[in-house]
Amino acid sequence: MLVFDNAPKRPTNLTLNAKVLDTAKDLGMNISATVDELLKQAVIKAYTERWNEDNQGAIADYNARIEREGTFSQRIQRFVAEQPKGSDGPL
């Protein structure tokens, strides 16, 4: 998981649409904070998409195993259901 809290700020140069920039300033928007938040959202989206692509095989294998064997709780439920009536289980 990406965490960006409390990271230091670094000055940078941006080229932005002049009309959009002027309007944002007229509206009292904090340009740095707005761009920082939008860039963070874009980075998280791109990171998530890349992670999903990189892990597609493992995710498919996991889903196939769950389809074949069920989840841990489903296996426990099957085990309990298979116990003879009136039995307190294996102990």
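The structure is a predicted model, and its chain averages a pLDDT of 92, with 93% of the residues scoring at least 70. The chain has four helices and zero strands, which gives the pattern α-α-α-α when read along the sequence. Its radius of gyration is 26 Å, whereas a compact globule of 91 residues would have a value near 12 Å.

**Confidence by element**

- Among the elements of the chain, the highest mean pLDDT, 98, belongs to helix H1, which covers residues 18-26.
- The lowest mean pLDDT among the elements, 90, is that of helix H4, made of residues 72-82.

**Overall form and exposure**

- Taken along the principal axes, the box filled by the C-alpha atoms of the chain is roughly 75 × 30 × 25 Å.
- Of the 91 residues in the chain, buried residues make up 2%.
- The accessible surface of the chain is about 8,700 Å², and carbon and sulfur atoms account for 55% of that area.

**Helix H3 and the residue after it**

- Helix H3 runs over residues 56-69, and at 1.5 Å a residue its 14 residues should span 20 Å, which agrees with the 20 Å between its end C-alpha atoms.
- After H3 comes Gly70, a residue whose phi is positive, near 85°.

**Salt bridges**

- A search of the whole structure finds five salt bridges, including those described in the points below.
- In helix H2 (residues 31-54), Glu49 and Lys45 are four residues apart, about one turn of the helix, and their side chains meet in a salt bridge with an N to O distance of 3.3 Å.
- Why might these two side chains sit on one side of the helix? An α-helix has 3.6 residues a turn, so residues three or four places apart point the same way.
- Through salt bridges that share partners, Arg65, Arg68 and Glu69 are joined into one network.

**Nonpolar surface**

- Which residues make the nonpolar surface patch of about 320 Å²? The patch is made by Phe4, Leu39, Val43 and Ile44.

**The segment before H1**

- Asn6 lies in the segment before H1, and its phi is near 60°, a positive value in a residue other than glycine.
- As background to that angle, most residues other than glycine have a negative phi.
- Asn6 counts as exposed, at 81% relative accessibility.
- Pro11 is also placed in the segment before H1 and counts as exposed, at 77% relative accessibility.
- Pro11 and Asp22 are eleven residues apart along the chain, and their C-alpha atoms are separated by 20 Å.

Definitions and conventions
Residues are numbered from 1 along each chain as its sequence is written. This is a predicted model: local features need pLDDT of at least 70, side-chain atom pairs count only at pLDDT 80 or more; totals for chains, interfaces and linings use all residues. Side-chain values use heavy atoms; hydrogens and water are left out. pLDDT is the predictor's confidence in each residue, from 0 to 100. Helices (H or I, at least four residues) and strands (E, at least two) are DSSP runs, numbered from the N terminus. A salt bridge is a side-chain nitrogen of Lys or Arg within 4 Å of a carboxyl oxygen of Asp or Glu. Buried means under 20% relative accessible area, exposed over 50%, partly exposed in between (1.4 Å probe, protein chains only). Patches are made of residues with over 30% relative accessible area and no salt bridge: like charges are joined within 9 Å, nonpolar side chains (Val, Leu, Ile, Met, Phe, Trp, Tyr) within 5 Å. Accessible areas come from the Shrake-Rupley method with a 1.4 Å probe; for residues, only the protein chains shown count as cover. The radius of gyration is taken over C-alpha atoms; the globule rule is 2.2 Å times the number of residues to the power 0.38. The expected span of a helix is 1.5 Å times one less than its number of residues.
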